[in-house]
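Visitor: I have a sequence and a model open here. Can you walk me through some of it?

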Amino acid sequence: MIIQPKIRGFICTTAHPEGCARAVQDQIDWVKAQAPFDGPKKVLVIGSSTGYGLASRIAASFGAGAATLGVFFERPADKKRTASAGWYNTVGFENAARAAGHYARSINGDAFSDEIKAQTIAAIKEDLQQVDLVVYSLASPRRTHPKTGESFSSVLKPIGDSYTSKTVNVQTGEVSDISIETASEEEIAHTTAVMGGEDWEMWIHALDEAGVLAEGVRTVAYTYIGPELTHPVYRDGTIGRAKNHLEQTGLTLNEYLQNKNGSAHVSTNKAMVTQSSAAIPVVPLYISLLYKIMKEKDCHENCIQQMYRLFADRLYTDAPPATDDQGRIRIDDWEMREDVQAAVAALWSSVNTETLEAVSDITSYREEFLGLFGFGFDGIDYEVDVNPDRPL
Ligand code: NAD
């Protein structure tokens, strides 16, 4: 199959196996060039195939030599379609991890279900006995509740007042106004059911009841805050409500894990080009300005740099990690620096279709977006016929 990008809105429906393996290898190489750290030894990553979860898996495996078990929801290739990027990423990761002598096993299925939790517990009992770190990095548009069977869909909407802001069509470069209607109470509740902390708590309870959490176990989930200009659609909107719930769950789980000297953490991560963030209105324009400024100020990071810093400088040091007044770790510290945000805000007021290329880093945004699906890598010939079928 000759595999080229097919972009539909904010997703790409194809992925390139060799490009995805390269993207994973680039992250591995970066971690291997850093100092190793005394980190976790047996790690479960829920949402391990793309974005922050994949970077967490790579940082734990290649930075601390950890054995990793990954859970994700991805599509293998069939006769007509390529596999999804997360599938190919995982094939690439597993090959590299095993070649380096690190245990890696993966479970593909709906992490919200009881069945996948049971399969995961069985795999831990079989191979690892217990885990000492559980990373919770799911981003999903929907969830079926395992106890009631109810289906929930998340929405990205403001709460209270409708909201109008600039947004960019990443493909065409057109900057225009978007107006988003306010969410209903039901939409807020549904978004919280999908992206809040209930499932994280179910995972930790199920793992604990099965006896597969080690003494001193840690768990970490990821949140986002961001600047005021995105607050109506993010932090003060439906997804922000879900994140409030996730953060509260972190505090509850921290208490819960005290009996095994464990801890639960929520890390506030930097805005990043991922499959999930591409779906949020307004945010891609913000990211393309943010990247420009952070690169100019030499403080730009990608997922892997963020996750390495989270593990090596915050979670696995002698002292408990510093947190803000809500108990959150702030690895978004450089994004939220006053000088960075002031510079982004100045560009935000002036950016339009005509100035986009000059004032933003939309070029990198596009490249990174294609890179998420394995496209645009030097040395890979995208005209060559490749076998899309890569078994895990
Ligand atoms: P992503 O889309 O790259 O990754 C999502 C992962 O969840 C994938 O591994 C996917 O397979 C898995 N997944 C989705 N539904 C699943 C299901 N039902 N069962 C099993 N696996 C499932 O997303 P991301 O941007 O890396 O986000 C991960 C976390 O980081 C989220 O909590 C997100 O809010 C947070 N975060 C993201 C950003 C950002 O800018 N991207 C910033 C801060 C925090």
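**A serine and its surroundings**

Guide: The side chains of Ser-49 and Glu-74 are joined by a polar contact of 2.6 Å (a pair of N or O atoms within 3.5 Å; within protein, one must be able to donate a hydrogen and the other to accept it, and residues adjacent in sequence count only if both atoms are side-chain atoms). This is a predicted model, where local features need pLDDT of at least 70, side-chain atom pairs count only at pLDDT 80 or more, and totals for chains, interfaces and linings use all residues. Residues are numbered from 1 along each chain as its sequence is written, and side-chain values use heavy atoms, with hydrogens and water left out.

Visitor: Where does Ser-49 lie?

Guide: Ser-49 is in the loop between strand E3 (42–46) and H2. Helices (H or I, at least four residues) and strands (E, at least two) are DSSP runs, numbered from the N terminus.

Visitor: Is Ser-49 buried or exposed?

Guide: Ser-49 is buried, with a relative accessible area of 3% (buried means under 20%, exposed over 50%, partly exposed in between, with a 1.4 Å probe and protein chains only).

Visitor: What does Ser-49 touch?

Guide: Leaving out residues up to four places away in sequence, Ser-49 touches Leu-54, Phe-72, Glu-74, Gly-86, Asn-89 and Thr-90. Contact means heavy atoms within 4.5 Å.

Visitor: On to H3. How many of its residues are buried?

Guide: 12 of the 15 residues of H3 are buried, so H3 is largely enclosed by the rest of the structure. Among them are Gly-86, Asn-89 and Thr-90.

Visitor: What do they pack against?

Guide: The buried residues of H3 pack against helix H1 (17–32), helix H2 (51–64), strand E4 (67–72), strand E5 (104–108) and H12. After H3 comes Gly-101, with a positive phi near 85 degrees.

Visitor: And H1, which of its residues are buried?

Guide: In H1 the buried residues are Pro-17, Gly-19, Cys-20, Ala-23, Val-24, Gln-27, Ile-28 and Val-31. They pack against H2, H3, helix H9 (303–315) and H12.

Visitor: New topic: what divides the lining of the second largest pocket?

Guide: The lining has 11 nonpolar residues, 4 polar and no charged (Ala, Val, Leu, Ile, Met, Phe, Trp, Tyr, Cys and Pro count as nonpolar, Asp, Glu, Lys and Arg as charged, and the others, Gly among them, as polar).

Visitor: Which element gives the most to that lining?

Guide: E9 does, with 3 residues.
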